[in-house]
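Visitor: Hi! I've got a few minutes and would like to walk through this one with you. Could you show me what we're looking at?

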Amino acid sequence: YPLCALAVSDERPVSTQSTWECCKVSCAVSSFGGWGACSKNCGGGTQRRTRSITRNASCGGTACPALFENRNCNTQCCPVACTVSAFGGWGTCSKSCGGGKQKKSTDCVAARLRL
């Protein structure tokens with residue numbers, strides 16, 4: 001333990017007693033490093049960055065803070081590849097004359113994530 005202060009007491013004029021007292025030393029840490037790679041390419045992953053202890057606490061000094069931080073990353077939805085059904089038949093025309101519109105549709109019958 002670090003010794004820092006000499007305490008002197010003169011209880012008797014002919015004798016002096018001295019003792020070393022333990023100095024409080026607070027923890028010290030480095031700056032955070034860069035963020036690590038994201039754990040996922042899409043759909044919400046996490047990243048972590050760390051720091052290290054440069055001086056340990058002793059003699060009742062302040063304890064060390066957290067040595068890592070996490071944050072969310074790549075929170076966008078993952079793209080989906082669909083296998084689609086054949087198109088259905090044409091729907092009813094939106095107008096009886098003068099240029100209406102018709103629609104036909106298809107459905108996604110098998111979806112898988114593209115990572």
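Guide: Happy to! One term before we start: a disulfide here is a pair of cysteine sulfur atoms within 2.5 Å. Cysteine 38 and cysteine 73 meet that cut-off, since their sulfur atoms are 1.9 Å apart. Please keep in mind that this is a predicted model.

Visitor: Good to know. Where do cysteine 38 and cysteine 73 sit in the chain?

Guide: Cysteine 38 is in the loop between strand 3 and strand 4, while cysteine 73 belongs to strand 6. The two are 35 residues apart, so the pair links distant parts of the chain.

Visitor: And what's the handedness of the link between cysteine 38 and cysteine 73?

Guide: Right-handed, with 90 degrees about the S-S bond.

Visitor: Are cysteine 38 and cysteine 73 buried or partly exposed?

Guide: One of each. Cysteine 38 is partly exposed at a relative accessible area of 22%, and cysteine 73 counts as buried at 9%.

Visitor: How many disulfides does the structure hold?

Guide: Three. Another one joins cysteine 27 and cysteine 64, with the sulfur atoms 1.9 Å apart. The torsion about that S-S bond is about 95 degrees, so this disulfide is right-handed.

Visitor: What does the pair of cysteine 27 and cysteine 64 tie together?

Guide: Cysteine 27 lies in the loop between strand 2 (15–22) and strand 3 (28–29). Cysteine 64 is in the loop between strand 5 (53–55) and strand 6 (68–73), so the link ties together parts that are 37 residues apart in sequence. As for accessibility, cysteine 27 is buried at 14%, whereas cysteine 64 is partly exposed at 30%.

Visitor: What about cysteine 42 and cysteine 78?

Guide: They form a disulfide too, with their sulfur atoms 2.0 Å apart. The link is right-handed, with 105 degrees about the S-S bond. Cysteine 42 is in the loop between strand 3 and strand 4, and cysteine 78 is in the loop between strand 6 and strand 7 (80–84), so the pair ties together parts 36 residues apart in sequence. Cysteine 42 counts as buried at 8% relative accessibility, and cysteine 78 is buried at 17%.

Visitor: Changing topic, what's the secondary structure like?

Guide: There are zero helices and eight strands, which gives the pattern β-β-β-β-β-β-β-β along the sequence. Of the contacts in the chain with a separation of 6 or more, 51% are between residues 24 or more positions apart.

Visitor: How much of the chain counts as buried?

Guide: Of its 115 residues, 10% count as buried. The chain exposes about 9000 Å², and carbon and sulfur atoms supply 51% of that.

Visitor: Where is glutamine 47, and is it buried or exposed?

Guide: Glutamine 47 is in strand 4 (residues 45–50). It is buried, with a relative accessible area of 15%.

Visitor: What does the side chain of glutamine 47 reach?

Guide: The backbone oxygen of glycine 36, at 2.9 Å. Leaving aside neighbours within four places in sequence, the contacts of glutamine 47 include Trp35, Ala37, Glu69 and Arg71. Cys38 and Cys73 are also among them, and those two form a disulfide with each other.

Visitor: Nice link back! What sits over the ring of phenylalanine 68?

Guide: The charged end of arginine 48, which is 3.8 Å from the ring centre. The count of aromatic pairs comes to zero.

Visitor: Last one: which residues other than glycine have a positive phi?

Guide: I can point to cysteine 59, at about 55 degrees, and asparagine 74, near 45 degrees. Most residues other than glycine have a negative phi. Cysteine 59 lies in the loop between strand 5 and strand 6. Asparagine 74 is in the loop between strand 6 and strand 7, and it counts as partly exposed at 30% relative accessibility.

Note on methods. Residues are numbered from 1 along each chain as its sequence is written. This is a predicted model: local features need pLDDT of at least 70, side-chain atom pairs count only at pLDDT 80 or more; totals for chains, interfaces and linings use all residues. Side-chain values use heavy atoms; hydrogens and water are left out. Helices (H or I, at least four residues) and strands (E, at least two) are DSSP runs, numbered from the N terminus. Buried means under 20% relative accessible area, exposed over 50%, partly exposed in between (1.4 Å probe, protein chains only). A polar contact is a pair of N or O atoms within 3.5 Å; within protein, one must be able to donate a hydrogen and the other to accept it, and residues adjacent in sequence count only if both atoms are side-chain atoms. Contact means heavy atoms within 4.5 Å. Accessible areas come from the Shrake-Rupley method with a 1.4 Å probe; for residues, only the protein chains shown count as cover. Rings of Phe, Tyr and Trp (its six-membered ring) pair if their centres lie within 6.5 Å; planes under 30 degrees apart count as stacked, over 60 as edge-to-face and the rest as tilted. A charge sits over a ring if NZ of Lys or CZ of Arg is within 6 Å of the ring centre and within 35 degrees of the ring normal.
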